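Let's take a walk through this structure together, stopping at a few spots along the way. Have the sequence and the 3D view ready.

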Amino acid sequence: MQLGVCYYPEQWPQSMWADDARRMVELGISHVRIAEFAWSRMEPRAHEYDWAWLDEAVSTLADAGLKIVLGTPTASPPRWLVDAYPDILPVRADGTRWNFGSRRHYDVSSERYREECVRIVTAMARRYGKHPSVIAWQTDNELGCHETIPSYSTAALTRFRTWLARRYETVDGLNRAWGNVFWSMEYPSFDTIELPNLTPTDANPIHLLDFRRFMSDEVASFHREQADVLREFAPGADVLHNFMGFFTTFDHYRFVENSAIDVAAWDSYPLARTEVIALPEEDKARYARTGHPDVSAFDHDRYRAIGAGRFWIMEQEAGPVNWAPWNPVPAPGMVRLWAYEAFAHGAELVSYFRWRQCPYAQEQMHSGLNLPDNQLSPGGLEVARAAREIAASSVLSGLPPASRAKVALVFDYETQWMFEIQRHGKTFDYQTLAFDYYQALREMSLDVDIVSRNADFSQYSLVVVPGLAVMSDDLVRAIENSSAQWVFGPRSGSRTSAFSIPLTLPPGLLQSVLPVRVLEAESLRPTLRPATSLHGVEGNAIHWREHLQPGAGTEVLASFDDGWPALVSHGRVRYVGAWFDHALHRALLEDAARAAGLAIGALPEGLRVRRRGDVTFAFNFGPDVVAAPAPANARFVLGTRELRTADLCAWLET
């Protein structure tokens, strides 16, 4: 349980650096990230390096006892580089180029830009790779942010054609797989294939999907080129990237294949994220100053799996930010609570953005641990409190890594892409559906692992699959070989990997363990709400509903008011033929959890718990005073049973 901060020495007078470093240590900070936007200062002109300032910054921070995370500066190519090679700028779907004057203004497919990135990263790694205080390297910054991926450039087109040729080998094979006989879309050669933009109506969905797959691979290979340099010249340091919350532009599971990272870091902004994701307005209002109780937890659990158990918060909100539609001040206590929440989910490090609020440029409304006048901000004071508490507690400072939960929730990036390409209904969003299932599980006081479709499911008691577009033989075998209860949401098995409807009808291969066929599917406008009830809970289908035809041995557990099955089961496998409202999702998962032998609880609204080792944490995101669900023999190691808004506690059972 360590605390860190993001620091930008190039933005402040050198006379402040030593005092900043001293104050960081006094505050309880152990790690500091620097340099990820400083290319123009490292290399003010082509091949003319200026390392003196960075040498001094590294030395100053190291002398204070801080551990340093160096960021490669490739998220912001300098003006001279853009002037020399203007084709490194990315191209939007409408065919226009992005301009210089912000950040992330580069084309991930540009061979020239990749060469320049390898060059600057090699120069950095040669200089600082063996420095004993540089313990980790972050590649780039928030890959894909600001919708800069995908890029529709000539470079992307050239590389996409090569990618397609490797995947399909012959253009005839591609034409068959893509179903290009439809609308006379057949291609005579790979070099006649264009990018799937600027078409009069929808592009072929498999064309769009393969382009998403290709761009995802481009992001991974861009990172890999830098990571390979860092492995060579900084062999003792961790390699990481700072991912984003609720972000699905690329496949994070593929990104980290073959040990591409050592730690999965991500940037946590609970208030802003609550504002921008598809939550009910009443939830956004209720949790405007605390963040929705599951919004950060969802990505804590997702990135813990992506990092094979190791994850950091590279940027943690320390106060109001600048980029959401509205940016309220956190409730007093929330900056401290968010740190403990991350630690409870298994984080090794929580690093705050940023050390000092910058009084100029784009992020001047983005808070830090210090105000622009160099006094600790309210958030900075809360971090100081958390640091003192951790240092004073042998229990808190000695927590083991997070252990495997008994519940797995499968999240799949290709499913997100397929359902985005063919939503079939304006309000259908797969990640939102997955989040609703996750929220219901957390309301039941259950710890959850968010995992890929290829995970080892053998140790789980309950596996929840909110939806999975493509079923595989491997997953069917996993179901057959496990003793878990399985819950599948709508649209599971609805497509093949070539983006076509299975000839056996959805749910495709899942029919071998649950005999049912989907005859038709409908998206539901807000006025269409088929009603059903489940275990005494009445509710409705929203967004999506399927007409199910059960096969032999399949039991109908609930039906809609017009007679169509709503929920069917066969053995340990359940299939939900609709997007249920939240109350029905909760009833569905409570029943499955009980069948799995799991102990569940009913938490007050806004209260969440998480276990790490022998310690249980409780967090109150709601407006009411609530009691933590600690047993009578609990020994509190942090806080007390009574929790006001933004309060937390932690206990051991004695």
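Arg 354 sits in the loop that runs between β8 (349-353) and α14 (378-392). Keep in mind that this is a predicted model. Most peptide bonds are trans, and most residues other than glycine have a negative phi.

There's another cis bond to look at, from Pro 506 to Pro 507, with omega near 5°. To find Pro 507, go to the loop between β12 (485-488) and β13 (516-523).

Arg 104 isn't a glycine, yet its phi is positive, at about 60°. Look for Arg 104 in the loop that links α4 (79-84) and α5 (111-128).

Now for a pair of helices. Two packed helices are described by the angle between their axes and the distance between the axes. The axes of α12 (residues 295-306) and α17 (residues 430-443) come within 10 Å and cross at roughly 100°. That angle falls between 65 and 115 degrees, so α12 and α17 count as roughly perpendicular to each other. On the α12 side, the contact is made by Val 295, Ala 297, Phe 298, Asp 301 and Arg 302, while α17 brings Gln 431, Ala 434, Phe 435, Tyr 438 and Arg 442. Sorted by type, the residues of this contact are six nonpolar, one polar and three charged.

Finally, head out to the surface. Val 181, Phe 182 and Trp 183 make up a nonpolar patch there, together showing about 400 Å² of accessible area. Phe 182 belongs to the loop between α7 (171-178) and α8 (205-233).

Note on methods: Residues are numbered from 1 along each chain as its sequence is written. This is a predicted model: local features need pLDDT of at least 70, side-chain atom pairs count only at pLDDT 80 or more; totals for chains, interfaces and linings use all residues. Side-chain values use heavy atoms; hydrogens and water are left out. Patches are made of residues with over 30% relative accessible area and no salt bridge: like charges are joined within 9 Å, nonpolar side chains (Val, Leu, Ile, Met, Phe, Trp, Tyr) within 5 Å. Accessible areas come from the Shrake-Rupley method with a 1.4 Å probe; for residues, only the protein chains shown count as cover. A salt bridge is a side-chain nitrogen of Lys or Arg within 4 Å of a carboxyl oxygen of Asp or Glu. Helices (H or I, at least four residues) and strands (E, at least two) are DSSP runs, numbered from the N terminus. Axes are lines fitted to C-alpha atoms, for helices over the stretch in contact, and angles run from 0 to 180 degrees between N-to-C directions. Angles under 35 degrees count as roughly parallel, over 145 as roughly antiparallel, 65 to 115 as roughly perpendicular and the rest as oblique. Contact means heavy atoms within 4.5 Å. Ala, Val, Leu, Ile, Met, Phe, Trp, Tyr, Cys and Pro count as nonpolar, Asp, Glu, Lys and Arg as charged, and the others, Gly among them, as polar.
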